[in-house]
Amino acid sequence: MGLRFVVTLMFILSFVKKDVFGNMVSMKIVDEPSSYGLSNSFGGLYQSQEDKLQMRVHPANFSGPAHLKRLVGKCFSLVDNSYKYEFCPFYNVTQHEQSLRWNPYSGVLGGYQEWEIENNTFHAMVMREGDACGEIFRSVKVFFRCSNHSHVTKVSEPHTCQYHMDFLTPLVCHNHSMLVYPTLARELQGEWDRVEGELVREEITQQGYKKKLRKIFEDAGYYLSKEKHKILSKVPEIKKEEPAKPVEEPKGEFSSMQKCTEEVAKLREELAQLKEGLLVRGIKEFELSNKKGSRLPALRVNPPIQDHQNVTAIQNGTEENKHESL
């Protein structure tokens, strides 16, 4: 065994440059580490263009306070425990698992849909229609807080696959920066004033007030109407499995002897019923023509039988018929 190893080693070394025995050999430094096994890791640094996440729905158009438009096209990230969250205002929120395992999770938690409005204030940005999570789809509510620079500070999951995110930015530090009424067009402001008057005069209920207010927000683009939601959504259809149709066998051909026997029995039963029907209608007998290539029946027709009990009499003949023939 030892001799074989020595011979093999000498054979291999015969193909190696002599520099390995004493001289220094320059080594090439690889600029980038291999991405094998690191797909979607470390924030997706090694993620190819083909592996980019696909959204289930199109994000809605920009809506809300005009000064927030400067956030469009920007993204803010937060690494929390073993996940990296990325928030792109008015576009989507994604989650990337920071793991070296071969299939780390990366997915879309929600795409921009509408605002949540409370007390004349833009309370939260609502991101819906994320990746599937059982029978529901993931969603995120992003709450805007005041800070001296823009960044994501906290992500929580109060309910399964329903996330809350805190986004801090100096764009909302002014007391009136998130008010709804000043952002509305003049016509919608007038409509809101009229609805407020109807509520004060008790001409509408609180429920009717909320319904009319929602219509105003839908017209402004702050709420997503059912029609617009249908346009943006691409809810996957679950196809129901149709029951397998029985395979029809070619006429005159049977897959088994049992099938053939069953069909013969059915034909005999149908033939018996046919004969009985012919007798009842006055046809005593029928024969097939002997002409080559022709199978048309030659029929002998008797007067119609009024009583079904006379079928036996036609077959065997009655006593009266015998006497008449004599």
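Buried residues account for 30% of the 326 residues in this protein. The model is predicted. It holds 7 helices and 12 strands. Strand β3, residues 92-97, is the focus here: 6 of its 6 residues are buried, so the strand is largely enclosed by the rest of the structure.

**Whole protein**
- The accessible surface comes to about 24,600 Å². Carbon and sulfur atoms hold 54% of that surface.
- Take the contacts between residues at least 6 apart in sequence: 46% of them join residues at least 24 apart.

**Strand β3**
- Asn92, Thr94 and His96 point one way from β3. Val93, Gln95 and Glu97 point the other way.
- Residues on both sides of β3 are buried, with Asn92, Thr94 and His96 on one and Val93, Gln95 and Glu97 on the other.
- Buried means under 20% relative accessible area, and 6 of the 6 residues of β3 are buried, so the rest of the structure largely encloses this strand.

**Pairing with β2**
- Strand β2 covers residues 83-88 and runs antiparallel to β3. The two are joined by 6 bridges.
- Tyr83 has Glu97 of β3 as its bridge partner.
- The hairpin of β2 and β3 has 3 residues between the strands. In this hairpin, Phe90 takes a positive phi near 65 degrees.

**Pairing with β4**
- Strand β4 covers residues 106-118 and is also antiparallel to β3. Here 5 bridges join the strands.
- Thr94 has Val108 of β4 as its bridge partner.
- Thr94 is also one of the buried residues of β3, pointing the way that Asn92 and His96 do.

Terms used
Residues numbered from 1 in each chain as written. Predicted model: local features only at pLDDT ≥ 70, side-chain atom pairs only at ≥ 80, totals over all residues. Heavy atoms only, no water. Buried < 20%, exposed > 50% of the residue type's maximum accessible area, 1.4 Å probe, protein only. Helix = DSSP H or I, 4+ residues; strand = E, 2+ residues; numbered from the N terminus. Pairing = 2+ DSSP bridges. Contact = heavy atoms within 4.5 Å. Areas by Shrake-Rupley, 256 points an atom, 1.4 Å probe, with all protein chains shown as cover.
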